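Subject: Structure handover

Hi,

Here is the structure I promised to pass on. My notes on helix packing and the cores follow below it.

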Amino acid sequence: MRILAVDDNPIIRMGLRTLLDGAQGVTSVLDTGDPDEAVAHVRAGQVDVVLLDVRMPRMSGLELLPRLAGATVVMLTHTDDPATVSEALAAGAAGYLVHGALEPDAMVDAIRLCRNGSQVVSGVSTAPAVPGRGPGLRDLLSRREAEVMDLVADGLSNGEVAARLFISEKTVKNHVNSLFAKLGVTRRSQAIVRWLQRDPDHGRAKGPGRTGPTVGPGTLGAGRGHP
């Protein structure tokens with residue numbers, strides 16, 4: 001993926017470059033705070049994915065979004081207002097990620113899912129109305145698989161899930177393999193992103209000033225690269 005980060009804050013752009021440079025599947029990372037330069041990059045065919053802030057002084061992300069046709073646009077912002085999320089998705093954004101809602105690996109996976117045709121929303125306290133959104137992912141899984149996935153999304157390892165559900169670790173692994181296939185993912189972090197997309201709140205307690213899912217450090221470390 002060739003990624004362009006568009007944000008008026010140079011520190012955020014620098015952080016995104018550091019995060020994305022060398023990430024699996026990322027071939028180049030450009031950044032700009034100039035909306036006209038962003039449009040020029042897209043029209044020149046130089047980028048596949050645009051990470052776009054909502055609130056910028058010269059032109060808001062929502063105003064700039066229609067001018068970026070030809071690239072996959074993922075809103076990446078501190079703005080978690082559900083009405084703004086709905087407006088962005090209705091205008092063609094492939095995803096909406098609030099800063100801090102996902103760990104770095106999960107954020108990269110979310111961007112990759114958006115590029116591959118999924119629509120990912122994370123960090124919003126109330127699920128936005130998404131035009132044409134299909135049935136929930138929970139319906140794809142058996143009751144036990146959904147229970148396992150809930151615990152995986154809470155950061156539990158296979159062994160911890162087994163202890164919680166009073167089943168063997170091998171049975172948990174079988175459930176994880178099955179639900180990976182049904183969710184169309186190959187990695188634990190991808191499954192978590194898709195599950196949080198289904199239910200942005202996921203029953204988590206929220207501290208002051210923070211909304212959306214909190215993905216702890218243990219969530220993405222255990223079992224990376226395998227069920």
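Helix H1 (residues 10–20) packs against helix H5 at an angle of about 85°, with the two axes 11 Å apart. Angles of 65 to 115 degrees count as roughly perpendicular, so H1 and H5 fall in that class. H1 brings Leu16, Leu19 and Leu20 to the contact. H5 brings Pro104, Met107, Val108 and Ile111. By class that gives 7 nonpolar residues, no polar and no charged ones. Bear in mind that this is a predicted model.

Next, the pair H6 and H8. The axes of H6 (residues 143–153) and H8 (residues 169–183) come within 9 Å and cross at roughly 95°. These helices are therefore roughly perpendicular to each other as well. On the H6 side, the contact uses Arg144, Glu145, Val148 and Met149. On the H8 side, it uses Val172, His175, Val176, Ser178, Leu179, Lys182 and Leu183. The classes here are 6 nonpolar, 2 polar and 3 charged.

Now the cores. The largest nonpolar core has 47 residues. Which of them touch the most other members? They are Leu51, Leu97, Ile111 and Met149. Helix H5 (residues 104–115) supplies the largest share of this core, with 7 residues. Two of those names have come up already: Ile111 is part of the H1 contact with H5, and Met149 is part of the H6 contact with H8.

Met149 deserves a look in your viewer. Leaving out residues up to four places away in sequence, Met149 touches Leu141, Leu179, Leu183, Ala191, Ile192 and Trp195. Of these, Leu179 and Leu183 lie in H8.

There is also a second, separate core of 26 residues. Its members include Val6, Val42, Leu65 and Ala93. As background, nonpolar side chains tend to be buried together in soluble globular proteins.

Last, H7 (residues 158–165). Asn158, Val161, Ala162 and Leu165 are buried in this helix. Just after H7 comes Phe166, with a positive phi of about 60°.

Send any questions my way.

Best regards

Technical notes. Residues numbered from 1 in each chain as written. Predicted model: local features only at pLDDT ≥ 70, side-chain atom pairs only at ≥ 80, totals over all residues. Heavy atoms only, no water. Buried < 20%, exposed > 50% of the residue type's maximum accessible area, 1.4 Å probe, protein only. Helix = DSSP H or I, 4+ residues; strand = E, 2+ residues; numbered from the N terminus. Axes fitted to C-alpha atoms, helices over the stretch in contact; angles between N-to-C directions. Parallel < 35°, antiparallel > 145°, perpendicular 65-115°, else oblique. Contact = heavy atoms within 4.5 Å. Nonpolar A, V, L, I, M, F, W, Y, C, P; charged D, E, K, R; others polar. Core = buried A, V, L, I, M, F, W, Y, C linked by side-chain atoms within 4.5 Å.
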